[in-house]
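Subject: A structure for you to look at

Hi,

Here is the structure I said I would pass on. Have it open while you read, and then go through my notes below.

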Amino acid sequence: WWRLAYLQPGPSGAGVDRRIPFPELPWNDSYQKFGEATVENVGELLGPFVQVRVRGALREDDPTDLVAPKRFVATIDSGGVCLGKADDAPCVPLPISGEGIFDGIYLDDRLRIGQNLNGGGARIVQVRVD
């Protein structure tokens with residue numbers, strides 16, 4: 001899992017790109033889990049007790065390009081409001097879909113720096129949590 005450690009709002013003041021708006025409260029965290037070709041975004045509503053989770057496919061825009069920044073496209077196709085943080089927690093489905101485009105500016109095993117391109121231009125720093 002990758003936890004959001006720092007957020008620099010985009011030029012218009014936009015923060016984390018969310019298609020389902022919810023309040024940014026200081027005790028809530030945001031995470032991402034990346035698979036080989038998948039992504040899951042988790043935003044806490046009431047700490048880890050109530051979460052919004054969305055997931056979908058993830059692909060590199062040009063897998064042959066080995067130089068940063070690397071462009072990625074996430075195609076979100078499902079989501080839910082979930083009670084608890086367990087993978088099998090009960091969830092109420094949400095009708096959500098959309099495409100997110102972002103650049104991986106710096107990527108290594110413990111730190112990621114990225115920029116959202118179609119959601120306001122926010123820059124993020126994520127740290128790996130196990």
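Let's start with a pairing: β1 is joined to strand β9 (residues 123–128) by six bridges, and the two run antiparallel. Strands here are DSSP runs of E with at least two residues, helices are runs of H or I with at least four, and both are numbered from the N terminus. Two strands pair if DSSP finds at least two bridges between them. Within this pair, Trp2 sits opposite Arg128 in β9.

Before going on, please keep in mind that this is a predicted model, where local features need pLDDT of at least 70, side-chain atom pairs count only at pLDDT 80 or more, and totals for chains, interfaces and linings use all residues. Residues are numbered from 1 along each chain as its sequence is written, and side-chain values use heavy atoms, with hydrogens and water left out.

**The whole chain**

How many helices and strands are there? The chain has zero helices and nine strands. Its radius of gyration is 14 Å, close to the 14 Å that the globule rule gives for 130 residues, so the chain is as compact as a globular protein of that length. (That radius is taken over C-alpha atoms, and the rule is 2.2 Å times the number of residues to the power 0.38.) Along its principal axes, the C-alpha trace spans about 40 × 30 × 30 Å.

Of the 130 residues, 32% count as buried. Buried means under 20% relative accessible area, exposed means over 50%, and partly exposed is in between (1.4 Å probe, protein chains only). As for contacts (heavy atoms within 4.5 Å), take those between residues at least 6 apart in sequence: 48% of them join residues at least 24 apart.

Now follow β5. It runs antiparallel to β4, with 11 bridges joining the two, and Gly56 faces Ile76 of β5. β5 also pairs with β7 in the antiparallel sense, over seven bridges; Thr75 has Glu99 in β7 as its bridge partner. Then there is strand β6 (residues 91–93), which is antiparallel to β5 and joined to it by three bridges, with Gly80 opposite Pro93.

Which peptide bond is cis? The one that joins Ala68 and Pro69, with omega at about 5 degrees. Pro69 is in the loop between β4 and β5 (70–83).

Is Ile105 buried or partly exposed? Its relative accessibility is 35%, so it counts as partly exposed. Leaving out residues up to four places away in sequence, Ile105 touches Ala68, Pro69, Ile113, Gly114 and Gln115. Ile105 and Lys70 are 35 residues apart in sequence, yet 6.6 Å apart in space, C-alpha to C-alpha.

Finally, find Leu46 in the loop between β3 (38–44) and β4 (50–60). Which residues does Leu46 touch, not counting those up to four places away in sequence? They are Trp27 and Asn28. Arg110 is 64 residues from Leu46 along the chain, and their C-alpha atoms are separated by 26 Å.
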